[in-house]
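This briefing covers domains, a chain interface and a helix pair. Please consult the sequence and the structure shown here alongside the text.

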Amino acid sequence: MSKINCFQSIITKLQSFWIDQGCVLLQPYDLEVGAGTFHPATILRVLGPDPIWKAAYVQPCRRPTDGRYGENPNRLQHYYQFQVIIQPSPEEIQNLYLESLKFIGLNPKDHDIRFVEDDWESPTLGASGLGWEIWCDGMEISQFTYFQQVGGIDVKPVASEITYGLERLAMFIQKLENVYDLDWDGIEKNKGGKTYGDIFLQQEKEFSIYNFEKSETSFLFKQFNDSETECKNLLNNKKYALALPAYHQCIKASHIFNLLDARGVISVSERQSYILRVRNMARSSCLAWMGKLNE
Amino acid sequence: MNRMDISRGNLLLEFFSEEIPARMQLNSEKQLKNLFIKSLTQREIDFESFKTYSGPRHLSIIIKNIELEQKDQKIEKRGPRFDAHQKAIDGFLKSNQLNLNETVIKDTKNGKFYFHSQMIKGKKTCEILPDIIHEIVNGFVWPKSQRWGFTDLRWARPLRNIVLLLNDDIVKGKIKIGKDVFLNFTNFTYSHRHIDKKITINKIKNYEQLLEDNLVIIDRNKRLQKIINDTSYLLEEEKLKLVDDKSLIEEVVGLVEYPNVLIGSISKKFMKLPREVLSTAMRVHQKYFSILDKKNNLVSKFLFVANSLKEKDRDFSVIEGNQRVLNARLSDASYFFENDITNTFENWNEKLKKVLFYEGLGSLHDKTIRMANISSNFAQAFGVKSELAKQATLLSKADLVSEMVTEFPELQGIMGGYYAKIKNKSDEISRAIFEHYKPKGISDNLPETNIGSLLSMVDKIDTLVGFFTIGKKPTGSKDPFALRRNGFSIAQILINWKLNMSLNEIIAPSLKEYVCSSQTIKLSLIEFMIDKLKFILSNQNNRIDVIESVLNTTIVKDLPIKAISSRIDIIMKFTKNNDFKIFLANFKRINNILKSEKFSNNAQFEVNIKFFETIEEENIYNFIDSFSKEIKKKGICKESQKVLITSLIKMNESISLFFDKVIVNHHNYNIKTNRLNLLKNLHNSISEFSSFKFIEN
């Protein structure tokens, strides 16, 4: 495998492509999140204050229930997304996306690219949008969403979100069937080169055990409640509602909920109420961000 | 119509947008047509014909020979009443700047009024079109729609361009889609992404061809036909065929602009997976078609439709890419399968305790227990051993928590069936679990085995009765738990098996499980089921009037389904019989006499033989007595329905004689009442067999 197609070069190329489109290049948010969308640079920024906002960043994502102890070639509880958020959604956004594929060495004219209906909804964020999953020769490599609502608030102007599934994309480019075989750095094995498995297989095994078997649920329940209380307190300060720290707690609670879910300790009837609690945190944080909490 | 008519021309309207979901396209064509025609008709602009097109990004209509000028419009204004105060009349004239002689007095249903009518010259169509397009765009209703950028307009996906040509010229104008955001009408559209260019439409008549030259087949039927032709071309040689999948093929037609049918191969190691797993994994996520050989076995190939021109190198790598994706999907499926077969039904059932069936209806585990408890009531009717039925019900929901079904919910039941077999449960049990979600709709097949039918039945009855007991029966158009479909499925099985059980017997055990003693709920369940039976029976070529007549008898809830069914059959057979026609006429005569008399609802209609004056009365009396006994004894028996209807017909002579010889309207009140009561009893007795008043001659 050459350096051109390795995992890290796909990231650097995407970064430079979107920088050229005027995006602010950011770094991952430093908390466990279920998707790049959770980053405040997406969720809060699309609600203002500036109607123009363009950002791009890599975001590690954690989905505890997707763990497979490193035994499944396609499923990970920890993986990477490359996230692009552009507001207002530009007229040529689809073409920009296709250009970006070309830029990383995937010429749309040599492939079967399809925009297949896939509407997005995040019950915990009170967010929804319409869009597609994008197929390249049958492989879903990206998600494309026109944000309509966040925190139950209409997004105006509408923002467009592009999420590249980096592992999927790299597997496609490198023509592989097993994620752990991905070439990370383009350096040959005998010269110290690393594959995705070299870096993450152990992590997948250990975290799958943690997520499904070992996490201490009584701690988690307490942490969830603590985050919720902290979030409320931060927003209750009438003079100075702290939207960003409050939202930070909301993200924490959301991940803890996912961990509890993976342990199977949340019954179907309780589930809805947990989702609602996170959604309320998200909505209040969003309103506080817009300065509209007490309106 | 004169095609060279210079007062007419052709029109093209195209909405070009980002990819519209496949499922919405066909309906959008219909809407475009309806909205356009409505707008034209309202404005009295005539046209000859139209054709609509739709694909992922193009939605268009061509209207042929549309008038270039609107017909002159007559505008009529109503003034005051003709006898109104002069002030009112003067006011009307003044405000419209009219003289009295420019008005007429007309009669309306509300009286006589002054009217003024005025002819307004019709406008040019090209001047009206911007308004019409505005109406169409804002009148469109999508199942789901969105805003984009700064727009307020909602469309299924961003609307990027509008072509509007009349007689090959651009119609000048634009529509507003947001504050300070407009879309101008243009004469260009866009090619397939592989060509990626803007194309100018010079002639409407070349529109379809122009797009096709640019790899957009805009006529969906043409795309469908191309897929069908290319498929048979590719499969014919090896005598293979596609698994029929109409809804998938229609979806695929909406996903491509230029269909390119390709075939890939499935790695042999996956062919040991159950065929339903293979085809579901292919269909649901990838929209691939399964392929069968002559013997209807799944072959290790799949067919899919790419969106491109045929081109060897590209096709090769597209196939390769798709094969890799499918391999990944199938190795996922294998992983689930391997994990599942090391699991146990006991473990799954334990998990079911934590899965809520519905708030107030317990867990899925509770559901299986209820099903098991009522299953014994059905065992005999289906000819199944009670113990076996119970076992099957207790295992039936386990697969819902298996990994495979969690991933592919549409494999519920099917996986349970496979896993039961692997776990050495009996063939009967495995088969029953496999098919117990059938029928999934009124056109789906029924379960084939008796135990599968039993299982399907108790599952559906438990669901139906459960939701009724918590007050969630369907109302109006709302049926969130698909209970109507559920009811139809129960009715289908009941009728197909001509079950020796009555509606009462079918529903009562389940109500008991829910500890529900409400007569209201029971009655509404029976009413609901009678309604479903009616529909299913009428779908099977039975005369609706005959169905109504039998289902409207008062004791129908206690009649075994098999008796209901054979009673309908026998009446249908007899409807052509002359004696039956006489009987029917007699019955209707009785019915009419009774209708004109007022009976208090609670009257006992007691007949006193001491008021009899004729032998004819006695004959009727005796008949009622013997028929009541006979129907009590034989009414529930499938084979006796013919005997019963024959007994009824044998009465023809007695009834005719009664009408000939006996005057019902006797001057003696007691005698008259007695005769009426006699007829009422006769009517009721016959109606236990069938409410013949429903039957048309």
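Domain bounds come from an automatic or database domain assignment. For chain A, that assignment gives domain 1 (3-210) and domain 2 (216-289). The model is predicted: local features need pLDDT of at least 70 and side-chain atom pairs count only at pLDDT 80 or more, while totals for chains, interfaces and linings use all residues. Residues are numbered from 1 along each chain as its sequence is written, and chains are lettered from A and ligands numbered from 1 in the order in which they are written.

**Domains of chain A**
- The centres of domain 1 and domain 2 of chain A, taken over C-alpha atoms, are separated by 25 Å.
- In chain A, 20 residues of domain 1 are in contact with 19 residues of domain 2 (contact: C-beta atoms, placed from the backbone, within 7 Å).

**Interface of chains A and B**
- Contacts join 33 residues of chain A to 35 residues of chain B.
- S4(A) supplies the largest share of the chain A side, five residues (strands are DSSP runs of E, at least two residues, and helices of H or I, at least four, numbered from the N terminus).

**Helices H11(B) and H15(B)**
- The axes of H11 (residues 386-395) and H15 (residues 450-469) of chain B come within 10 Å and cross at roughly 55° (axes are lines fitted to C-alpha atoms, for helices over the stretch in contact, and angles run from 0 to 180 degrees between N-to-C directions).
- H11(B) is therefore oblique to H15(B) (under 35 degrees counts as roughly parallel, over 145 as roughly antiparallel, 65 to 115 as roughly perpendicular and the rest as oblique).
- Leu388(B), Ala389(B), Ala392(B) and Thr393(B) of H11(B) meet Ile451(B), Leu454(B), Leu455(B) and Val458(B) of H15(B).

How values were computed:
Contact = placed C-beta atoms within 7 Å.
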